[in-house]
Amino acid sequence: MARQAIDDGIVGRGNQDGADLFRVWFDGLTQAAESGRGAAYVFVMGSMAELLRTFDLPIVFPEINSLQTAVRRVAHEYLDEAEDYGYSPDICGYVKADVATQLRGGELPMGRIPKPVIAVYTNACNTYIKWAEIWERMYGVPTFTLDVPGTRAAGAQTWPGDPDFENDRRYVAAQIKELIALCEQVSGVKFDIDRLRENMGHANTMSRGWQRVLELNQTRPSLFNALTDGTIYLGVSNGLRGSGAGAQYFVELVEEMEYKAERGIGTLTDERYRLLFVGVPCYPIFRRFSELFTEWGGTFVNSTYLWFASGGSNAGFQYDLERPLDSLAEGVLISVRDAMDAMFFQTEILVEMIDAYQADGVVYHPIKSCRTVSTGLADNRRALMESRDVPSLFIESDMMDRRVVSEAQLKNRVDAFFEGLAARRGQAAAPTT
Amino acid sequence: MTEYWRWKETRWHDEDRDWRDGELITAGVDVGSVSSQAVVMVDGELYAFSNMRTGSDSPESARKAMDWAIEGTGLTLDDVGFVVGTGYGRVNVPFSDKAITEIACHARGANYMYGPSVRTVLDMGGQDCKVIRCDERGKVGAFVMNDKCAAGTGRGMEVFADLLAIPIEEVGELSLQVEEEPPPVSCTCVVFAKSEATALLREGWPKSKVLAAYCSAMAHRVVTLLEQVGIEEDFAITGGIAKNIGIVSRLEGEIGIKALPAKFDTQIAGGVGGALFAQSLLKKKLGAN
């Protein structure tokens, strides 16, 4: 069966195509940089890519660039350079790697990024705002904060039709109109609502696909590892959002996952434990970090990262193309709010995930570099332990900085976690007398 | 030059017993970051142990600990049916049959050393602290460990003993010789704590007061860790710091729970657990044959 699958060229296609698309994307950014074109700098939680593409602006995701330096094991060079420049070791590693990238004229291991002509960001992460101010100071470019009202309290989300939601939607829609005017001014391109409609259609396909791919991983064995494979899919979900290539990718990814599900083809790991991951991955030792779990037969079946770092695309929101601007505001409101909820109101989400994905354990991974995603995880863990009898592991390292990643300490804790899972399973299997 | 930090290495074996009368001889070798222990059990009962400093070479430390534990008993390594390696150096025990983390081993060891009523084990080791919740069989339910700094651990205490020129075994008692508790010193970084202590000495603080401030800070730090997983009685403390009355009494005062009294050397819990795991595994192995 596996042989047949390989012959069909379907299994593993998402990983290969994802890598290829990234190369093409970076080649395009390098060309833009070399021809002196300016880019829109955006972030994963509310990138507004479907709108920005209508102005022919190359789109740069500094968070993705920074994590790529860590995966390619050169992050320390960038961090050192930013710290030498004056940034504190306590500042977000993504920010510092980007500062060094700017100091290097946009040079990255994957290519060269263009300078910004505009920065667009939401309030989903408080660092976004201060980060954009760096570019403002460096390049004198306009920055635009899209203020998205979040959930006021756990379980208190409002929905279309509710007066509070409608107020919030109007608030976001008004900001989008201001953003359009600014983009026209910066790019010199007149806003074209039909192009926006087309891009939103692509975003619909991608969101629908992303939601379906995540849902299909409830299959046993799981079809992909949410920590490793999932990060590749996530990269495409963000980097190519609102593009035809991105839409095509997700159509084919769903096809791959359905193909695997029908044939019972899982990951390369002999799946013994199904795990959920909370937080941002440990990119400086990305492969090894994953191996600490897969060596024990642990596979990550889902993660909060695939939710919040996709800007809430996991929710599968579908834009109404008949009323693009209002629907864009509604989609941004719901999706970005969902991304924030995946960080700040995790307990309910994790309880649902545990049940739906039949998870054997939950791994919390707070990181030094990002307090936004890490604050409250210890409390969240305790709350989860009270509502579900599922073992959890709490390990700390970083998404960027190798200096605060201690592999021996991580391994010690991970090994003990699996010993506990094995003992628990043994007890459950033991005959009762 | 006096090395105030140097704690006493110990060994013991049961002279009233002949290991040849037993059937299952197993060992647990705990190679930690600061100390190493080898524990030999005969049919699930403690027979011999050693407790010594870990050197720079983990395999050599394991060998030395094992040699010392069986010294004078007539036992050889060939007589030991199953060896479990544990601790940070668990994969570097050349003669072990299996490696198991010290978290599982401490829970199992505490169950033997303090009895099956133990539900919360606090291990205050050489370079980390861990809190383990366990059941009546000594199986781990949940655990949490401190972060990477040595402050609040055995190594941090060694640094303080040296700084104040107080033999490490006397630190706890001396820290209690204060009329009132001073405010705690910094305890998130052992280097910072040392600098702070130096400044306090310069201000004229007596050594007992400085030690009281440090022990108090360490106790509070551990309480924070305990609160992360919650404390369920009975409560037991293992590891080298369990021998420091200055920390233990402050800790007990803060949580309002008395730790169970130690009947054995608190540093051998990991090795005891390892030897007990080894016994189960040996039984399984013999049964399979």
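Good morning. In the hairpin that β8(B) forms with β9(B), five residues lie between the strands, and B:Gly138 takes a positive phi near 80°. Helices (H or I, at least four residues) and strands (E, at least two) are DSSP runs, numbered from the N terminus.

Please note that this is a predicted model, in which local features need pLDDT of at least 70 and side-chain atom pairs count only at pLDDT 80 or more, while totals for chains, interfaces and linings use all residues. Residues are numbered from 1 along each chain as its sequence is written, and chains are lettered from A and ligands numbered from 1 in the order in which they are written.

Let us stay with the strands. Strand β9 (residues 140–145) of chain B runs antiparallel to β8(B), joined by five bridges; two strands pair if DSSP finds at least two bridges between them. B:Val131 has B:Val144 as its bridge partner in β9(B). B:Val131 of β8(B) also stands opposite B:Leu122. Strand β7 (residues 120–124) of chain B pairs with β8(B) in the antiparallel sense, over five bridges, and these two strands form a hairpin with four residues between them.

Is strand β8 (residues 129–134) of chain B mostly covered or exposed? Five of its six residues are buried, that is, 20 or more other C-beta atoms, placed from the backbone, lie within 10 Å of each residue's own.

Finally, the domains. Chain B is assigned domain 1 (10–109 + 268–288) and domain 2 (117–259), with bounds from an automatic or database domain assignment. The centres of these two domains, taken over C-alpha atoms, are 27 Å apart.

Notes:
Buried ≥ 20, exposed ≤ 12 C-beta atoms within 10 Å, placed from the backbone.
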